[in-house]
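Grab a pencil and have a go at these exercises. Try each task yourself before you read its solution.

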Amino acid sequence: MTTQFHDTVLGADALDQLFREARSYNGWLPKDVSDDQIRSIYELLKMAPTSANMQPGRFVWVKSDEAKQKLAACVSEGNEAKVLAAPVTVIIGYDIDFHEELPWLFPHTDAKSWFEGDEKGREQGAFRNSSLQGAYLMLAARAVGLDCGPMSGFDNAAVDKAFFGDNPRHKSNFICSIGYGDRTTIFDRSPRPDFGKFNTIA
């Protein structure tokens with residue numbers, strides 16, 4: 001099998017859509033996010049790299065009015081309106097027992113044995129890699145023409161009980177609203193840190 005290497009840089013429009021012109025949104029236009037769009041986001045994010053190809057991320061797409069009310073009861077006062085107004089808010093969670101799936105996700109070696117008997121290590125790996133998957137989710141959403149508003153102001157224990165109650169091995173990491181952002185609500189237009197001050201090439 002021939003390995004294909006990509007040497008083409010994305011065009012300026014694509015880079016603007018994914019990074020330079022993209023912003024975190026607090027307000028949303030009254031446009032729906034379809035189940036097909038949700039599936040498209042997941043189909044993209046699941047292909048992105050993680051440690052040992054683990055897939056600890058567990059995603060709850062809060063879309064119905066009932067589910068929005070349930071989630072809004074778990075978030076900080078400043079985030080309630082965002083959750084209720086957004087077409088969908090994703091709970092990015094993780095599975096502490098992700099290693100059970102490694103025999104088919106990473107089949108060329110016994111990766112499952114690396115994590116057996118080490119729950120603390122598994123939780124650390126699950127949290128780290130579900131954070132990666134949450135970032136991929138946001139890039140995937142932007143790639144299919146949607147906007148994002150990530151949030152961490154919520155009660156993890158309350159969210160876990162409300163949405164993962166039947167599986168105590170699943171934990172919430174952060175949440176992210178997705179939809180068509182209302183540009184009049186953007187307040188983050190500040191310049192980003194310059195390369196020299198905040199980055200080092202060793």
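**Exercise 1: Getting the overall picture**

Task: Work out what the secondary structure of the protein comes to, and in which order the elements run.

Solution: This is a predicted model. Counting up its elements, you get nine helices and four strands. Now walk along from the N terminus: the order is α-α-β-α-α-β-α-α-α-β-α-β-α.

Along the principal axes, the C-alpha atoms fill a box of roughly 50 × 45 × 40 Å.

**Exercise 2: Inside the fold**

Task: Find what share of the residues is buried, and what share of the contacts between residues at least 6 apart in sequence joins residues at least 24 apart.

Solution: Start with burial: 40% of the 202 residues count as buried. Then take the contacts between residues at least 6 apart in sequence: 81% of them join residues at least 24 apart.

**Exercise 3: Two helices crossing**

Task: Describe how α2 and α7 cross, and which residues meet there.

Solution: First, locate the helices: α2 covers residues 35-45 and α7 covers residues 119-143. Their axes come within 8 Å and cross at roughly 130 degrees. The pair is therefore oblique, and α2 passes α7 in a right-handed crossing.

Now look at the side of each partner. From α2 come I41, L44 and L45, which meet Q133, Y136, L137, A140 and A141 of α7. Sort these contact residues by type and you find seven nonpolar, one polar and no charged.

Methods: Residues are numbered from 1 along each chain as its sequence is written. This is a predicted model: local features need pLDDT of at least 70, side-chain atom pairs count only at pLDDT 80 or more; totals for chains, interfaces and linings use all residues. Side-chain values use heavy atoms; hydrogens and water are left out. Axes are lines fitted to C-alpha atoms, for helices over the stretch in contact, and angles run from 0 to 180 degrees between N-to-C directions. Angles under 35 degrees count as roughly parallel, over 145 as roughly antiparallel, 65 to 115 as roughly perpendicular and the rest as oblique. A crossing is left-handed if the near helix is turned anticlockwise from the far one by less than a right angle, and right-handed if clockwise. Contact means heavy atoms within 4.5 Å. Ala, Val, Leu, Ile, Met, Phe, Trp, Tyr, Cys and Pro count as nonpolar, Asp, Glu, Lys and Arg as charged, and the others, Gly among them, as polar. Buried means under 20% relative accessible area, exposed over 50%, partly exposed in between (1.4 Å probe, protein chains only).
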